[in-house]
Amino acid sequence: MAANWNICGVCDNLHITKQSVVWCSECDEGLCGKCKEHHAVSKSSKSHETISISEYKELPTKVLEIAQTCKLHNEKWYDGILLLSPTKIRTLKSNGSKDFVIKRFGQTFNVVNIDDGFIAVTSGGSNIINLIDTKTKKLKKTIQVHSNNDGAVYKDGHLIYCAREKGLQMISLSDESITNITYNKLSIFAYVTAFGDRLFYTNYDHHTVTCCDYHGKILWTFHDTTFLLSPLGIPVDNDGFVYVVGGKTHSVVVISPNGKSCRQLLSSDDGLNLPHVLHYDQSTNKLLVANHLDTAFLFDVRR
C-alpha cells in the first residue's frame, strides 16, 4: 500500500504534487483527475477498477503479506482443522505436523472450534452435526437436526448454522433445542460468522453478503458482482471488517462494517483458484485462504 494515498502516485514520480481523487488497488497508488482519465483508456490499465478516495478511507488500512504457502494434496483447511476428504478428518498442530486422523467419519462440510476442547463438524448434504473431543480424539456426540447444514459459527453455548431452505437456525448444545433466526431461504454452500450483536452470511447463488441481528432483522446486504461472485467463506476481524472469499472471482475482498464499501485484497495473481474457505484468527491477525484443491495460503494482516 502506498505510503501516502492522498498524493497522485504518477505525478509524484515526476516530482509533481497533486491530490489523488481515486485509488487503484491493482496499481497500488492514488491518481489525480488527469491521471485517472489516462488510466481509464490506457491498454495496460483500462480494465482496472478504481475507488474514490473518500470510499477508500473507510476501508481498513491493512497490508497483506504472504507468510507461508502450504501444498495440501487435495486437502482443505477449515478453521485450523484439515479435512482430507468428505469422509475423513485430519487435524494439524500449529507447526504443521500431523496431530490425529478420524477415518470413516461420514459427510463433512465445515469445522467450528467450540469451548472445552470440542469441535463441531457440519455435514452439508445431511441432517447430522457431529461433536469431536480433541482431547480423546474421538467422536463425542452426533446431533440430528431438521435440515441440511453448511457453514456454522459457535456463540455462547449455541451453534448457528446455515440450514438452506430453513434459513439460519440456532441449536443449543446443552439441550439440543432449535430456534430460527431467519426464515429466508439460503443457498447451498452458505457460510455464516458472528461479530458482537451481528451475524453475517453469504448466498452463493445470489452473490450477496447479508448482515442481520440475532432476531433476523436485516441491517444491510452487499451485492456487487464486479468484485464478488459466488461468495463462500466469511470471517470478521477485530474491527468489524468483513472478509469474504469469491469462489468464481478467485478473490478475497474486504467489506466495511456498514456494508457500503468494498476493496479487493487478493486475486488469482496471488495463487487463488476456486478459493473456498477463509478464516481470520483474531488473536494473531492471520488470514488463512484455502483453494478448493491443492493449496492454502497464510497471510499476516498488519496495520
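Is Arg164 buried or exposed, and at what relative accessibility? At 14% relative accessibility, Arg164 counts as buried, where buried means under 20% relative accessible area, exposed over 50%, and partly exposed in between (1.4 Å probe, protein chains only). The points below set this residue beside others in the structure.

1. Basis of the note. This is a predicted model, in which local features need pLDDT of at least 70 and side-chain atom pairs count only at pLDDT 80 or more, while totals for chains, interfaces and linings use all residues. Residues are numbered from 1 along each chain as its sequence is written, and side-chain values use heavy atoms, with hydrogens and water left out.

2. Salt bridge of Asp150 and Arg164. Three salt bridges are found in a search of the whole structure, a salt bridge being a side-chain nitrogen of Lys or Arg within 4 Å of a carboxyl oxygen of Asp or Glu. Asp150 forms one with Arg164, and the closest N and O atoms are 2.9 Å apart. This pair links distant parts of the chain, since Asp150 is in the loop between strand 12 and strand 13 (152–155) and Arg164 is in the loop between strand 14 (158–162) and strand 15, 14 residues apart. Strands (E, at least two residues) and helices (H or I, at least four) are DSSP runs, numbered from the N terminus. Asp150 is buried, with a relative accessible area of 0%.

3. Salt bridge of Lys141 and Glu176. Lys141 forms a salt bridge with Glu176, with 2.9 Å between the closest N and O atoms. Here too the pair links distant parts of the chain, with Lys141 in strand 12 and Glu176 in the loop between strand 15 (168–172) and strand 16, 35 residues apart. Lys141 is partly exposed, with a relative accessible area of 31%, and Glu176 counts as partly exposed at 31% relative accessibility.

4. The sheet that holds strand 12. An open sheet of four strands has the order 9-10-11-12, with antiparallel pairing, and two strands are taken to pair if DSSP finds at least two bridges between them. Its edge strands are strand 9 (111–114) and strand 12 (138–144), each of which pairs on one side only. Neighbouring strands of this sheet are turned by 25 degrees against each other on average, direction ignored; the axes are lines fitted to C-alpha atoms, for helices over the stretch in contact, and angles run from 0 to 180 degrees between N-to-C directions. Strand 11 (residues 128–133) pairs with strand 12 in the antiparallel sense over six bridges, and the bridge partner of Asn130 in strand 12 is Thr142.

5. Strands 25 and 26. Strand 25 (residues 286–291) pairs with strand 26 in the antiparallel sense over five bridges, and Val289 stands opposite Phe297 in strand 26. Six of the eight residues of strand 26 (residues 295–302) are buried, so this strand is largely enclosed by the rest of the structure. The side chains of Lys286 and Asp300 meet in a salt bridge (2.4 Å, N to O), with Lys286 in strand 25 and Asp300 in strand 26. Lys286 is partly exposed, with a relative accessible area of 27%, whereas Asp300 counts as buried at 15% relative accessibility.

6. Two residues with positive phi. Phe189 has a positive phi of about 70 degrees although it is not a glycine, and its place is the loop between strand 16 (178–180) and strand 17 (192–195). His207, also not a glycine, has a positive phi of about 60 degrees and lies in the loop between strand 18 (198–203) and strand 19 (208–213).

7. Cysteines. A search of the whole structure finds zero disulfides, a disulfide being a pair of cysteine sulfur atoms within 2.5 Å. The sulfur of Cys8 is too far from its closest cysteine sulfur for a bond, because that sulfur, in Cys11, is 3.6 Å away. Cys8 is buried, with a relative accessible area of 0%, and Cys262 is buried at 8%.

8. An exposed residue. Leu14 is placed in the loop between helix 1 (9–13) and strand 1 (22–24), and at 57% relative accessibility Leu14 counts as exposed.
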